[in-house]
Each structure stands twice: as C-alpha cells, then as structure tokens.
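Colleague: Could you take me through the charged pairs in this one? I have the sequence open and would like to go step by step.

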Amino acid sequence: MEEQEPRQERAACEPREAPEESVALRFQRGFLAGKRLRDLPWEDLEQILKNSEDSSPLLTVLQKHESMGAEPLEQLYEAIGDVLNTEETTQCYKSYLLPSGDAITLCESVAIISRGTTGLVTWDAGLYLAEWALENSAVFCNRSVLELGSGTGLTGIAISKACRPRTYTFSDHHECVLQQLSENIRLNGLFLPPETHGHGVAKQEICEAELRGSQGPEITVAELDWNLVTKERLAELQSPDVVIAADVVYDPELTQSLIGILQKLFSCNGDGEAPEVYIACTIRNPDTYGWFQTELGKVGIRWQVVPSPQKNLFSYDQHANITILRLHV
C-alpha cells in the first residue's frame, strides 16, 4: 500500500512567513474556531516578544508571570472552564476561514457528547478532509458527491462553496444532528426551503443552493441508517460519483456498518462505474484502524493512502494522527 506523506513535510512546501505573521494567523484561526485559551500558541508568542527590540513592556509582564510560577491569563482560563461546564445543551458559533477569505460559520455544541451523539461538534478529521478537498477540487468539480456522517456540515459546506460539485448530499442518522446540519447549511448561504424548518428530521430535502453571487450545487440532506439502508434507497441519492466520510472509524460495530454501506455503494451505480471513496481517519487506536483495513480486504475493497494536504488552513491538533484512505474495488 502507498505510504502517507509525513505531516511535518507539509511545512517545507509552504512559502515562508515572518514568525510574527504566522503566529498571528494561528491566533486568528484558533480564536474564530473557538479554541480554548490554553490551546493558543502562547509559547511561540512569548519567544517572539523576547527576541523583539520594542516589546519590553509585554516582555516584563511575561517575565513577571514566569517568576511567580503563575499561568498567563489564569482568570480567563477559569472563566472559560465555567462556560465549558455549563448544561450540555449549550451551543456556540465557530467560524472557519477559507482561502478565498470567505468564512464558514457553524452552530456547534460546547460539549463533545451532547443529546446522545458526538455529531454536534466538528472533529479534526473533518477539517483535515476539507483541507485536502480544497487542494484537490478537481475530484469534486461538476460531480455528484455523497457524504456519510456529515455532522455539523463543515466538510460539505467547504466543498459546496469552493469545489463546484454538481450535486452534494449531506447525510446522517441522529435527529438532532440532521436538524442542526440543516440550520448550518442555511446559515452559510445554502438555501433550504422554509417549509422544512422545524419538521425535525428531514427525510430528504432537495433545493437549489444560493451561494452569494454564484450558482451553487443542488443540495440534499438525507437521513441514512447504515444498517437499514437499501441499494434502492442509495440509488435515489443522485448516483454519487464521489463518496466521502470523516472520523467514522473508531468503533468496531459502527465500522462494520460502514463497510456494509460501502459494499452497497460500490454495487448500486446504474452505469456500472463505481464511485470514488475517500475516508479520513483519526488513528486513535491502531488496532481499530488495522482491523478496518483487514475487514475491507475480506470483502474485496482495496485501499491506498492519499498524500496529505500541503497547507494547514484550519485550527486543529497538528499532532493528531490523521490519514485519508482512497477505497476502490
């Protein structure tokens, strides 16, 4: 199988920025994405200030904190902690900047697990897959795309805005996720008919997208139960040319269901041409990841690792072990 390009090599392909510009951009992205204060690049900022000739006031403050053994902005950390410990229904708005300067704004849950699901927050693999998609827009341009487990909608909204697909189908199963997903699509200028608002789960909502100043793809929001969905139901979903998913390989039972629906997708296209499939995985447990690859082989699905995106566009854990597999039969 093809080896993945080391993540640390991406930086070598990027144009060099002044250190202060790079740190400022990381602060901006982290702030807009709602990162915790302690996760922002304070140490890099401190190093820049120490090497600067005109930052003595700020340097004095930092040195004072160091001499006292206190963390910078400790009171603000405590305030953030109070917010994060509120009711699990608490929501917030996060924004993610695209290379065009446009932004994707999403309503997300503050809690990782909320209303019995993890689908109300944006996960690192979804951001990573969106970065890859933006660099490989030809994969999606003028093609029909199906996303499995769309969650908050970040990846699909980015592709719909920047990669010019012909149609895009968002899908999930949890009622609250589908409801929030539809709201996020509307929030970002992808219009959904007003009569579907408030109806709970949208079995299938099709509309013309109204991207600001341009003609967008036809958007579908579909409820898909991977265990129950039939080939006939999948065939109704625009006969996808491309299928994507992010962070769906973490539980053996769920992963077995994923393999089942992939088998159906590979065999349901009426013209006989199998879709291209890309799965972004955060490798938390190598055994689970290896088991997924083994099970794919058992049903005749081959895989290869695609090269990493060259530029980091979004704020997420750069030390996370994330890879994208292209699947084919």
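Colleague: To start, is aspartate 241 buried, partly exposed or exposed?

Modeller: Keeping in mind that this is a predicted model, aspartate 241 has a relative accessibility of 22%, so it counts as partly exposed.

Colleague: And which residue does aspartate 241 form a salt bridge with?

Modeller: Its partner is arginine 166, with the closest N and O atoms 3.5 Å apart. The pair links distant parts of the chain, 75 residues apart, since aspartate 241 sits in the loop between helix H8 and strand S7 while arginine 166 sits in the loop between helix H6 and strand S4. Arginine 166 is partly exposed too, at 40%.

Colleague: How many salt bridges does the structure hold?

Modeller: There are eight, and among them is one between aspartate 247 and arginine 284, whose closest N and O atoms are 2.8 Å apart. That pair also joins distant parts of the chain, from the loop between S7 and helix H9 to the loop between strand S8 and helix H10.

Colleague: Why is aspartate 247 called buried?

Modeller: Because its relative accessible area is 9% and the cut-off for buried is under 20%; arginine 284, at 48%, counts as partly exposed.

Colleague: Switching to helix H10, where do glutamate 295 and lysine 298 lie?

Modeller: Both are in that helix, three residues apart, or about one turn, and they form a salt bridge with the closest N and O atoms 3.0 Å apart. Glutamate 295 is buried at 12%, whereas lysine 298 is exposed at 62%.

Colleague: Which residues are linked in a network of salt bridges?

Modeller: Arg143, Glu276 and Arg326 are linked in that way.

Key: Residues are numbered from 1 along each chain as its sequence is written. This is a predicted model: local features need pLDDT of at least 70, side-chain atom pairs count only at pLDDT 80 or more; totals for chains, interfaces and linings use all residues. Side-chain values use heavy atoms; hydrogens and water are left out. A salt bridge is a side-chain nitrogen of Lys or Arg within 4 Å of a carboxyl oxygen of Asp or Glu. Helices (H or I, at least four residues) and strands (E, at least two) are DSSP runs, numbered from the N terminus. Buried means under 20% relative accessible area, exposed over 50%, partly exposed in between (1.4 Å probe, protein chains only).
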